Amino acid sequence: MKILVTGGAGFIGSAFVRLVLERYPDDTVTTLDALTYAGNRANLSELEQNPRHSFVHGDIADVPLVDGLIAGHDAVVNFAAETHVDRSLLDPSAFLRSNVEGVYVLLDAVRRHGGRLVQVSTDEVYGDIPEGKFSLESDPLAPRSPYAAAKAGGELFCRSFSISYGIDVVVTRGCNTIGPRQYPEKLVPLFITNALEGRPLPVYGDGLQVRDWLHVEDHAAGIDLALRQGRSCEIYNIGAGNERPNIDVVRQLLAHLDKSECLIAYVPDRPGHDRRYALDSTKIRAHLGWAPQRDFEATLGDTIDWYLSHPEWWQAIRNASGEFAEYYERQYGWRLAAAGRDEG
Ligand code: TYD
């Protein structure tokens, strides 16, 4: 199969590219990535000499570029997105462009040229889930952040194109994903790298919000099954069943690093913060035979160990004058340039 992976230089996208090239010796992959702040060529560095992989620098909202690329591929798997809720609260417009307009451009090209589109979405489209309930694919969408609204909008375009034009689309909705190469703005990589630098860990509100945590390679395997065996027009939840309050994750992370809980700093809550996400992923388990290969301890442990053994990867991002430092100061009011514990 010839697969176009959009957003393939990002966190989950690059794990998916590696998985395909390792598992399927007859497949070829083209990565299209705009290399905005979270897209990173270093995430694909070991594939530079691989004759079955090629890289194109560009934007999914670029109509002629996307049209030409999709014409030569059997399927497109779309990871390209703005993904961070806190950034969507600071600047929603970029989310509308990537997560809605970009998806529309991909769909329109698939309509002209054929092939399958897998749209990688998120459990956040369901909104806040009360205790005891688990979201099913048939549940209503109730997004509450600009990020979640944009992802839901992209999904609704997928649904409308499959109904109106009969194009072949499959949607996946994954839970919180961790593992190697995640940009250190999200809870787990931010807290690992802050802890390693002796900086405070900013826990929003009471820290009792619940998320379900999945290893990136398990997530990529679920998306791969949806690509090859998923039924057209269907949606598949991909949840690990590892529900944990944030503060428990933070404590476990500090224990693994042998760092003091004194680093925990409670800060004002995220506006509109969803209290709980929880997926029922019976469908992908029963119909496609998917199951995560790691439990929560192995998922978190592997993530921490990767950051411990790859300081050059995250230190290049967390330099005091780069994009990350600017975001960090805007979001938390703390300066990366300040030495260690001066913050907070
Ligand atoms: P995040 O990694 O941003 O993922 P999402 O918002 O998509 O679930 O956040 C995971 C949880 O951690 C969420 O409840 C928000 C919380 N959080 C903090 O408490 N402090 C932080 O600095 C960040 C980034 C997140």
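This is a predicted model: local features need pLDDT of at least 70, side-chain atom pairs count only at pLDDT 80 or more; totals for chains, interfaces and linings use all residues.
Local features need pLDDT of at least 70 and side-chain atom pairs count only at pLDDT 80 or more, while totals for chains, interfaces and linings use all residues. Residues are numbered from 1 along each chain as its sequence is written, and side-chain values use heavy atoms, with hydrogens and water left out. The ligand is surrounded by 20 residues, and the protein buries 97% of the 510 Å² that the ligand exposes when taken alone.

**Ligand**

- The closest of the 20 surrounding residues are E124, R211, R270, H273 and Y332; a residue is near the ligand if one of its heavy atoms lies within 4 Å of it.
- By residue class, the shell has nine nonpolar, five polar and six charged members. Here Ala, Val, Leu, Ile, Met, Phe, Trp, Tyr, Cys and Pro count as nonpolar, Asp, Glu, Lys and Arg as charged, and the others, Gly among them, as polar.
- A polar side-chain atom of Y332 is 2.6 Å from an oxygen atom of the ligand.
- An N or O atom in the side chain of N246 lies 2.8 Å from a ligand oxygen atom, and a polar backbone atom of Y204 lies 2.8 Å from a ligand oxygen atom.
- On its own the ligand exposes 510 Å², of which the protein buries 97%; accessible areas come from the Shrake-Rupley method with a 1.4 Å probe, and for residues only the protein chains shown count as cover.
- Two or more shell residues come from each of α3 (85-90), α6 (187-196) and β8 (201-204). Helices (H or I, at least four residues) and strands (E, at least two) are DSSP runs numbered from the N terminus.

**Helix α12**

- Helix α12 spans residues 323-332, and its buried residues are F324, A325, Y327, Y328 and Y332. Buried means under 20% relative accessible area, exposed over 50%, and partly exposed in between (1.4 Å probe, protein chains only).
- Viewed down the axis of α12, the buried residues fall within an arc of 165 degrees, so they line one face of the helix; the arc is that of the directions from the helix axis to the C-beta atoms.
- E326 and R330 are exposed on the other side of α12.
- The cover over the buried residues of α12 includes α3, α6, β8 and α11 (311-317).
- G333 follows α12 and has a positive phi, near 75 degrees.

**D27**

- D27 sits in the loop between α1 (11-23) and β2 (28-33).
- D27 counts as buried because its relative accessibility is 5%.
- The D27 side chain reaches the backbone nitrogen of M1 at 2.7 Å and makes a polar contact with the side chain of R228 at 2.8 Å. A polar contact is a pair of N or O atoms within 3.5 Å; within protein, one must be able to donate a hydrogen and the other to accept it, and residues adjacent in sequence count only if both atoms are side-chain atoms.
- Apart from neighbours within four places in sequence, D27 is in contact (heavy atoms within 4.5 Å) with M1, I3, V20, L21, R52 and R228.

- G7 lies in the loop between β1 (2-6) and α1, and is buried at a relative accessible area of 10%.
- Beyond neighbours within four places in sequence, G7 is in contact with G13, L32, D33, F79 and A80.
- L35, in the loop between β2 and β3 (53-57), is partly exposed, with a relative accessible area of 28%.
- Neighbours within four places in sequence aside, L35 is in contact with A9, N40, R41, F55 and H57.
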